[in-house]
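I opened my notebook to jot down what I looked up, one topic at a time. Here is what I was working from.

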Amino acid sequence: MRPGAAASRGGAISRAPGEERTLTSVAAGARYEGEEPKDLPRLWHVTLSVSGGEAPLKEVRRGLEQLAHDHPFLLTSRYANDHAEIRYWEEARDLHDAAAVALRLWGEHRQTAKLPPWEIVGLEVIDRETYHQRISEGYGPLPATPVGVHPF
């Protein structure tokens with residue numbers, strides 16, 4: 001197990017409440033001569049889908065609005081009483097780091113934003129170029145307008 005990682009499912013290593021886990025990234029491979037360094041931050045478009053038992057719509061909306069306040073890069077959230085979709089831009093070195101942050105977002109903000117106890121059921125992370133290419137070709141996620149928290 002790598003340093004800073006918590007054991008899963010019955011393992012002996014655990015973190016204290018509120019203790020941060022060290023993020024590490026898997027190298028994508030060696031650079032070619034003349035290639036830009038891979039450790040410069042890039043923008044990634046993230047779509048996080050969560051789902052679970054029914055919750056009052058007012059509470060879901062209020063929680064998502066608080067999440068948007070706590071996570072300023074949040075573009076838009078769509079919600080129903082048993083699922084939600086959150087879309088935002090994340091600045092990260094690579095896809096691994098962007099996905100790691102996205103997978104922690106719901107759980108880390110669940111108590112402070114009073115979000116429903118739903119689980120993550122979907123994640124898409126694409127780079128800025130791919131996002132804009134999809135939009136220009138007329139497919140993929142539509143631009144996040146209107147920005148904010150809205151029902152499905």
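**Entry 1: charged pairs**

I started with a definition: a salt bridge is a side-chain nitrogen of Lys or Arg within 4 Å of a carboxyl oxygen of Asp or Glu. I also noted that this is a predicted model. How many salt bridges does the structure hold? I found six.

I went to Glu-108 and Arg-104 to begin with. Buried or exposed, I wondered? Arg-104 is buried, with a relative accessible area of 17%, because the cut-off for buried is under 20%. Glu-108 has 43% and is partly exposed.

Then I looked up Arg-93 and Asp-97, whose side chains form a salt bridge at 3.4 Å, N to O. Asp-97 is buried at 14% relative accessibility, whereas Arg-93 is partly exposed at 33%.

My last pair was Arg-134 and Glu-124, with a salt bridge of 2.8 Å, N to O. This one links distant parts of the chain: Arg-134 belongs to helix α3 (residues 128-136) and Glu-124 to strand β4, 10 residues apart. Glu-124 comes out as partly exposed, at 26% relative accessibility.

**Entry 2: the nonpolar core**

Next I checked the largest nonpolar core, which has 24 residues. Which of them touch the most other members? They are Leu-64, Leu-67, Ile-86, Tyr-88, Trp-106 and Trp-118. The elements giving two or more residues to this core are β1 (42-51), α1 (57-70), β2 (74-79), β3 (83-92) and α2 (95-109). Helix α2 supplies the largest share, five residues.

I clicked on Tyr-88 to see what it touches. Leaving out residues up to four places away in sequence, Tyr-88 touches Trp-44, His-45, Val-46, His-71, Phe-73, Leu-74, Leu-75, Ala-102 and Leu-105.

Most residues other than glycine have a negative phi. Lys-114 is not a glycine, yet its phi is positive, about 55 degrees. Where is Lys-114 found? I traced Lys-114 to the loop between α2 and β4 (119-127). Lys-114 has 58% relative accessibility and counts as exposed, because the cut-off for exposed is over 50%.

Notes:
Residues are numbered from 1 along each chain as its sequence is written. This is a predicted model: local features need pLDDT of at least 70, side-chain atom pairs count only at pLDDT 80 or more; totals for chains, interfaces and linings use all residues. Side-chain values use heavy atoms; hydrogens and water are left out. A nonpolar core is a set of buried Ala, Val, Leu, Ile, Met, Phe, Trp, Tyr and Cys residues joined through side-chain atoms within 4.5 Å. Buried means under 20% relative accessible area, exposed over 50%, partly exposed in between (1.4 Å probe, protein chains only). Helices (H or I, at least four residues) and strands (E, at least two) are DSSP runs, numbered from the N terminus. Contact means heavy atoms within 4.5 Å.
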